[in-house]
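Hi,

Here is the structure we talked about, pasted in just below. Have a look at it first, then read on for what turned up.

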Amino acid sequence: MKKSVFYGTLAVAAVAAGTLSAQTLAEVQERGSLNCGVSTGLTGFAAPDASGEWQGFDVAMCRAVAAAVLGDAMAVEFVPTTGQTRFTALASGEIDMLARNTTWTFSRDVDLGFEFVGVNYYDGQGFMVPRDLGVSSAMELDGATVCIQTGTTTELNLADFFSSNGMSYEPVPIETNAEAQQQYLAGACDVYTTDASGLAATRATFEDPSAHVILPEIISKEPLGPLVRHGDNQWGDIVRWTLNGLVSAEELGITSANVAELATGTDNPEINRMLGTEGEYGAMLGLDGDWMVRVISSVGNYGEIFEGNIGENTPIGLARGLNAQWTDGGLLYSPPFR
Amino acid sequence: MATITDPPSEGFRLSQLIYDTRYRSLTIQVVASIFIMLGIAFLFMNVVTNLQALGKDFDFGFLGNRAGYDINQRLIEYSNNSTHGRAAMVGILNTLLVAFLGCIVATVLGIFAGVMRLSKNWLVAKLMAVYVEGFRNIPLLLWILVIFAVMTESAPQPRDFRGEDASASMILFDSVAVTNRGIFVPAPIWGPNSGILVAVFLLSLVAIWAFRRYAHKRQEETGEILPVFWISLGLFFVPSILAYFVLGQPVSLRYPELAGFNFEGGIQLRNSLIALWFALSLYTGAFIAEIVRAGILAISKGQTEAAYALGLRPNRTMSLVILPQALRVIIPPLISQYLNLTKNSSLAIAVGYMDVRSTLGGITINQTGRELEGMLLLGCFYLATSLIISGAMNVYNNSVKLKER
């Protein structure tokens with residue numbers, strides 16, 4: 001194995017050797033930790049806190065999977081990736097899954113050979129400008145200098161938006177969110193564009209957030225979700241149903257506070273199937289029966305994760321909006337555990 | 001009487017391949033090349049197997065697809081409807097631009113600093129030593145980021161130029177604006193007849209070259225020295241300026257003006273270009289300074305003394321005796337500095353300069369998922385560029401190197 005890694009690295013870094021087929025679960029369990037790709041730092045979604053521990057909405061997704069397969073939500077090795085390095089990292093096996101505000105698109109799903117397991121945040125691309133620029137609509141941005149993170153779908157949406165509206169702009173390509181923030185605050189660009197959630201998260205870290213406005217136009221659909229490599233269906237299923245489990249748990253009222261009590265058995269068969277008191281759902285995934293109990297007791301359900309990291313009571317202050325349960329007029333709709 | 005003994009007619013034995021010095025080196029070479037070929041075959045198979053495992057093929061067709069992204073600095077026509085191949089070309093030209101500009105400034109800086117470091121003036125020599133050691137011993141990436149950060153943070157925003165009580169103003173008779181998005185300089189507008197002006201300028205360059213040849217020849221024959229520098233200077237400026245007014249000022253300048261969000265109408269030298277250009281020049285210049293210093297020190301003191309004994313003045317000694325000999329020591333390492341500079345320009349990604357590494361090797365690979373193809377093309381481009389540069393410099397080296405007669 002060591003030898004093949006050595007030669008594989010020699011051959012081409014991008015197609016590093018290693019077992020790319022259906023053994024991710026066994027590998028992760030043998031390693032004892034989950035390698036999870038996250039962003040290089042976006043407050044609320046994935047960023048290290050004051051004590052150096054990763055926190056955030058995407059981080060919680062990694063922790064949930066680690067809790068399911070390893071029984072320990074802290075057994076995650078976080079790999080910070082930029083917009084440009086994330087896909088190579090996943091394709092080469094450096095990370096087991098990617099949870100990094102990544103938009104689900106046709107070409108990424110089909111051509112790049114990845115598998116999006118679902119959507120954990122329905123987003124859209126927006127624009128942020130300083131308030132004293134006096135701009136109130138994206139249609140007034142003709143001739144503006146725009147900071148964009150390179151290697152993202154925002155880059156392509158931006159080009160489409162400006163050319164379809166007959167406007168010109170000057171793109172300033174930037175590698176990470178932190179650099180973009182610095183350039184934007186220094187006034188090296190008039191506008192910063194990325195997913196609206198990212199704009200809100202970035203604005204929350206500014207000294208004076210009220211001096212910046214997010215323009216009303218949302219110019220694209222950006223369904224963000226975790227993804228894994230093509231070809232390992234078992235692993236894909238585990239990540240997919242961990243996500244679905246988080247969403248279902250909120251719908252069914254299972255929280256980190258009451259999960260232990262509910263796990264002893266309830267009158268609701270779906271809760272029983274999820275928490276392992278009825279049926280062998282965990283074993284079908286190659287896990288034990290308590291997998292979902294561990295997930296929810298360590299990170300909470302979808303709603304708890306949302307409120308704790310990016311919700312209205314946090315500095316980022318995002319409303320649930322499209323990300324509410326379908327019963328509340330949102331788009332979150334988990335397939336049933338049956 | 002001589003007995004002729006037949007040479008022992010022994011057949012070829014297999015052990016000779018190892019024990020017989022006539023065959024041994026051949027054996028080793030054959031075995032080694034078999035191993036090398038096996039190694040290459042293994043790597044090749046590895047790539048093929050892994051590509052198959054990933055479900056990918058090997059195809060350069062993506063170069064013909066629509067790129068979909070915009071590039072800020074374009075030397076040729078390009079829009080987001082152009083192809084990935086076109087985007088790669090834009091990147092290649094940007095790489096070559098910064099490499100070309102960098103090589104020129106690095107050479108000028110390097111020669112200046114190298115000569116100055118040998119100065120007898122203590123302050124000048126020490127200042128140059130500080131420059132050389134400072135830039136040579138700190139990573140290039142840091143210098144790029146430092147220059148970029150200083151320009152972004154300290155220069156005013158375009159907004160600051162606006163209004164009655166603007167906090168920033170343009171310099172050089174309101175023609176140049178230094179902003180944190182780059183430096184805006186006037187752009188020339190080529191009117192009718194401007195072609196003639198260019199032709200006159202080119203002709204005066206030819207005239208300078210011809211005059212220098214003539215002056216050299218005349219000095220060889222008669223020993224008379226003509227004031228070459230002043231006449232060259234005159235030839236450089238006078239005909240072009242005369243033609244400019246005779247033709248009715250065909251070339252005018254368009255000054256940058258504040259319009260909307262930004263300055264418009266001039267040429268924008270983006271911060272990313274300036275930061276990369278200067279960092280590369282200063283860094284490589286420090287190495288070139290040491291090469292120049294070594295070249296000059298390599299010429300023995302006796303040469304200078306002999307020239308003085310013949311009555312040559314110090315500047316003529318330098319240009320006629322020392323430098324021609326020093327050049328043959330200087331040129332070969334200078335070539336590798338040029339190659340270094342060109343390859344180091346791929347650090348452009350750090351400041352968002354859209355070179356070929358950022359377009360083909362960055363966004364295109366990211367959008368199409370063609371890492372292997374993209375990286376191979378990128379490698380081939382840098383290889384070809386380096387070989388062309390060193391080929392051209394070798395031609396020059398051959399012309400200045402010691403002629404053995």
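How much area do chain B and chain A bury between them, and what share of it is on carbon and sulfur atoms? It comes to about 3500 Å², with 54% on carbon and sulfur atoms; buried area here is the accessible area (1.4 Å probe) that two parts lose on being put together, summed over both.

Before going further, some housekeeping. This is a predicted model, where local features need pLDDT of at least 70 and side-chain atom pairs count only at pLDDT 80 or more, while totals for chains, interfaces and linings use all residues. Residues are numbered from 1 along each chain as its sequence is written, chains are lettered from A and ligands numbered from 1 in the order in which they are written, and side-chain values use heavy atoms, with hydrogens and water left out.

Back to the interface. There, 42 residues of chain B are in contact (heavy atoms within 4.5 Å) with 49 residues of chain A. Arg159(B), Phe261(B) and Asn366(B) supply 20% of the area that chain B buries against chain A, more than any other three residues.

Now the charged pairs. A salt bridge means a side-chain nitrogen of Lys or Arg within 4 Å of a carboxyl oxygen of Asp or Glu. The structure holds 17 of these salt bridges over all chains, and 3 are found across the interface of chain B and chain A. Asp160(A) and Arg66(B) join their side chains in a salt bridge at 3.5 Å, N to O. Within chain A, Arg240(A) pairs with Asp237(A), with the closest N and O atoms 3.0 Å apart. Both of those residues lie in helix α9 of chain A, 3 residues apart, or about one turn of the helix.

On to helix packing. Helices are DSSP runs (H or I, at least four residues), numbered from the N terminus. Axes are lines fitted to C-alpha atoms over the stretch in contact, and angles run from 0 to 180 degrees between N-to-C directions.

In chain A, α9 (residues 233-252) packs with α3 (residues 57-70) at an angle of about 115°, their axes 10 Å apart. The two are therefore roughly perpendicular (65 to 115 degrees). The residues that meet include Met61(A) and Val65(A) from α3(A), and Trp235(A) and Leu246(A) from α9(A). By class, that contact has 10 nonpolar residues, 1 polar and no charged. Ala, Val, Leu, Ile, Met, Phe, Trp, Tyr, Cys and Pro count as nonpolar, Asp, Glu, Lys and Arg as charged, and the others, Gly among them, as polar.

In chain B, α3 (residues 84-117) has two partners to look at:

- With α4(B) (residues 122-136), the axes come within 8 Å and cross at roughly 135°. Among the residues that meet are Phe112(B) and Arg117(B) in α3(B), and Met128(B) and Glu133(B) in α4(B). This contact has 10 nonpolar, no polar and 2 charged residues.
- With α8(B) (residues 271-297), the axes come within 6 Å and cross at roughly 40°. The residues of this contact divide into 18 nonpolar, 7 polar and 3 charged.

Cheers

Note on methods:
Angles under 35 degrees count as roughly parallel, over 145 as roughly antiparallel, 65 to 115 as roughly perpendicular and the rest as oblique.
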